[in-house]
Amino acid sequence: MNYLAHILLSGENDLIKIGNFMADGIHGKHFDTFPLDIQKGIILHRSIDTFTDAHPIFRESTKRLHTNYHHFSGIIVDILYDHFLAKNWSSYSDEKLEDYSNRFYQSLKDNYESLTPRTQKFMPYMIAQNWLLSYQTIEGIEEILTQMDARMKSRMKQESNMRFAVAELKLYYSEFENEFTTFFKELKTHSIQKLKTL
């Protein structure tokens, strides 16, 4: 799952949200210097990723993209699933997505010293471009995929072509949406249960 889902699945604790949000940039087991709730968010993030990657519905979605995008298919589906979460936000939260996003951005600012350098670096761009709200539209998803594509090319010196995946999103829109809806119910249950153990 991508940023919006990870944040929502963290519950109401701001530090757990932040840990879950920035966990991709934290490797190995050496994260015990973070506040305890951020540590919980990191552990929750990894549990969500493990559950997601092994789930047959998620794999069905990635299969649809594998011919054109190979091992980048999972990253693309993560982003597409965030689109359906944002699009159908009122089914998952009583708070408007714009308000929810702004609250999270403020919590990042309030806890700036606890953020990783990587998160501190991209946070201003995330807020200025309002990434979380932009997931609601296909145009927003296309922009995010284009940015991801550029980062992959810069970091890995490899063409991912993710910017073109909006074509598959439009072509198989209802299939992706149905898969997300069914899958996310199970992921929510998994995340609630995991949070109880932390």
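## Two buried residues

Buried means under 20% relative accessible area. This structure is a predicted model. Y69 has 4% relative accessibility, so Y69 counts as buried. Y69 sits in helix α4, which covers residues 56-69.

What does Y69 touch, beyond residues up to four places away in sequence? The partners are I76, S160, N161, M162, F164, A165 and E168. Take A165, one of these partners. Y69 and A165 are 96 residues apart in sequence. In space, their C-alpha atoms are 8.2 Å apart.

Now turn to Q39. This residue belongs to helix α3. Is Q39 buried or exposed? Its relative accessibility is 16%, and therefore Q39 counts as buried. Setting aside neighbours within four places in sequence, Q39 is in contact with F31, D32 and F34.

## The largest pocket

How much space lies in the largest pocket? The volume is about 840 Å³. Its lining has 28 residues. Nearest the centre lie Y3, R118, M148, R151 and R155.

Which elements give two or more residues to this lining? They are α1 (3-8), α3 (36-54), α5 (73-87), α7 (117-129) and α9 (138-156). Helix α9 gives the largest share, with 8 residues.

## What lines the pocket

Notes. Residues numbered from 1 in each chain as written. Predicted model: local features only at pLDDT ≥ 70, side-chain atom pairs only at ≥ 80, totals over all residues. Heavy atoms only, no water. 1 Å grid on protein atoms, 1.4 Å probe; cavity = no way out; pocket = protein on both sides within 12 Å on 5 of 7 lines; lining within 4 Å. Points joined across faces, edges and corners; volume = space filled by probe spheres on them. Helix = DSSP H or I, 4+ residues; strand = E, 2+ residues; numbered from the N terminus. Buried < 20%, exposed > 50% of the residue type's maximum accessible area, 1.4 Å probe, protein only. Contact = heavy atoms within 4.5 Å.
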